[in-house]
Amino acid sequence: MAHFDAIIIGAGMSGLAAGIRAAYYEKKVCILERHYTIGGLNSFYRLRKRDYDVGLHAVTNYTPKGTKHGPLARLLRQLRFRWDEFDLAQQNYSAVQFPDKQLRFSNDLELLRSEVAREYPDQIDNFERLLTELIDYDDLAPEHFDIDTREWLSEIISDPQLVEMILCPVMWYGNAREHDMDLGQFCIMFRSLFLEGFARPFEGVRLILRKLVKKFRELGGELKLRHGVSQIEVENGTATGVVLDDGTQITADAILSSAGAVETMHLCGQEDSTVTKTVGQMSFIESVASLDCEPKDLGHDATIIFFNDSDTFHWERPHDSLCDLRTGVICTPNNYQYDPSHGPLPDGVMRITAIADYDQWNSLSESEYQSAKTEWQQRAIDSAIRFVPDYQPQIIDTDMFTPTTIRKFTWHDNGAVYGATKKWFSGQSNVKNLYLCGTDQGYVGIIGSIVSGIMIANQYVLQ
Amino acid sequence: MTPAEIRDAITDILATIAPDDNVEEIRDDVEFREQLELDSMDFLDIVMELRKRFRIQVPEEDYPQLVSMSSTVAYLEPRMNEH
Ligand SMILES: Cc1cc2nc3c(=O)[nH]c(=O)nc-3n(C[C@H](O)[C@H](O)[C@H](O)COP(=O)(O)OP(=O)(O)OC[C@H]3O[C@@H](n4cnc5c(N)ncnc54)[C@H](O)[C@@H]3O)c2cc1C
């Protein structure tokens, strides 16, 4: 029977990052991935001769070359990448759009400051106070995760609409809970969006994934695709190994799982209602349209638009329809400041993300599912073009994925993109030698999950 | 290894940990932290690189000895030459 120092479940961002750390320090490490490709929630695919990213709107936490602090600098150092290797191009600017208000922001905080001053002159001092609070915030102090952000923010910002405008993009990019957000998570996400910023490699997420997997393999790590874990073997409260979908057994001194907290517990054959009730509910549809022109030729030069069509931002799974189109995210990958040597992207692209309910999508028959996809793709576009120019005449191809697609390719319960509503910051599960990394450890997003993989490998595989 | 060789070895480790920093300009008596702004994670990497490259185990109580280039060389010299 094969034995490893460490087994990692999942070849997404966190699993690959953890694998690199372990392999770099000469651990015998194996990543087991059920899908036939790497990337997990942020993978890529090719369809009708076009390249698509599953998830990538923006690499958050952008800091310029030479910056010593922050998650991006830290993960580059830990994984031994030079800054240039990720080929990050900065956003043009992004915006939060509510019915009569717009707040633009970029990787320079001054833009957001001036926008708040313009739209909410009586709130600018409060906004400065908020920035001061967040800059010194110790985000990992556990007590901060018991505080609800809406109320906390309302004590600083007295205009309720501005509170909602701030919450909208922050929740969109990393809130697993419905309705409200843990303050600790809010601080992490606020910084990654507004104090750091957005960027994208010209080639999209495949560039980052290719770098990660190449490094892992060069260091001697083993990556096994189409090797799903069906069971984690636990003896007397200690994890000893895994059983694969085909029945093969593999043992290891440590197991790191990026499959999610509830999912991992189920792999151990355990049932614990305190864990099960944390299962996430927030899932999305995403409509991707390829255009025969650059979006900027239609007068659209923003990188990402977070829109909401009323004064209150509703962050909850829909109960009586498949999707909720009151709010959404519109991402235009063309609108980054790529190095001119790359030339333009092959097509114009408009991506729309909307909130969707897994259970309802999952209950459809195959034919209902296909027609629901067509219907909601159109409705998502109709909703988005309230906030951006109508790009429909320029569409040359479309694709769309739903909560069931996310479930099908990542095995996350409910297709929950940001995982469980409670996080396991220590990385420890209730089974010895079994650790959580990635989304449910607490850091979400591309950069967040890479940092998570690094931290958990450092702590439990390398020490 | 001579102190000069040990210094080169450490410079090489720092270059690996911080590939975007100019480690050639490091001043020997100034703390690494001030010149490279290493955080605690990076610091542990120095310790782990020493273990990986030279099979030297630095116990936690000795970590303060690794603050600057000169103190690190002084600390490592007798240990490197034991082998
Ligand atoms: C539509 C969408 C848009 C997004 N946009 C952005 C964005 O713009 N910017 C950003 O930073 N983040 C974005 N994200 C979030 C980001 O993709 C995730 O936070 C991140 O990829 C999570 O990585 P992870 O390693 O924690 O988990 P995952 O990527 O889910 O990795 C887990 C892996 O484990 C595998 N697995 C599960 N169960 C098993 C098993 N039993 N056996 C073997 N393998 C198993 C899965 O197949 C998967 O590959 C987006 C996500 C989505 C879905």
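Start by selecting β4(A), which supplies four residues to the lining of the second largest pocket, the largest share. Keep in mind throughout that this is a predicted model.

Now show the space itself: the second largest pocket holds about 390 Å³. Its lining counts 19 residues, and those closest to the centre are D51(A), Y52(A), R200(A), L345(A) and P346(A). Next, colour β4 (50–53), β13 (283–291) and β16 (348–356) of chain A, the elements that each give two or more residues to this lining.

What is the make-up of the lining in nonpolar, polar and charged residues? Colour by residue class and you will find seven nonpolar, two polar and ten charged.

To place the pocket in the chain, select domain 1 (2–85 + 204–278 + 418–460) and domain 3 (281–410) of chain A. Both give residues to the lining of the second largest pocket, so the pocket lies between these domains.

## Stop two: the nonpolar cores

Move on to the largest nonpolar core, which has 57 residues. Pick out L130(A), W172(A), Y173(A) and F186(A), the members that touch the most others.

Zoom in on L130(A): beyond its neighbours within four places in sequence, L130(A) is in contact with W152(A), L153(A), I156(A), I157(A), I166(A) and F190(A).

Notes. Residues numbered from 1 in each chain as written. Chains lettered and ligands numbered in written order. Predicted model: local features only at pLDDT ≥ 70, side-chain atom pairs only at ≥ 80, totals over all residues. Heavy atoms only, no water. 1 Å grid on protein atoms, 1.4 Å probe; cavity = no way out; pocket = protein on both sides within 12 Å on 5 of 7 lines; lining within 4 Å. Points joined across faces, edges and corners; volume = space filled by probe spheres on them. Nonpolar A, V, L, I, M, F, W, Y, C, P; charged D, E, K, R; others polar. Domains from an automatic or database assignment. Core = buried A, V, L, I, M, F, W, Y, C linked by side-chain atoms within 4.5 Å. Buried < 20%, exposed > 50% of the residue type's maximum accessible area, 1.4 Å probe, protein only. Contact = heavy atoms within 4.5 Å.
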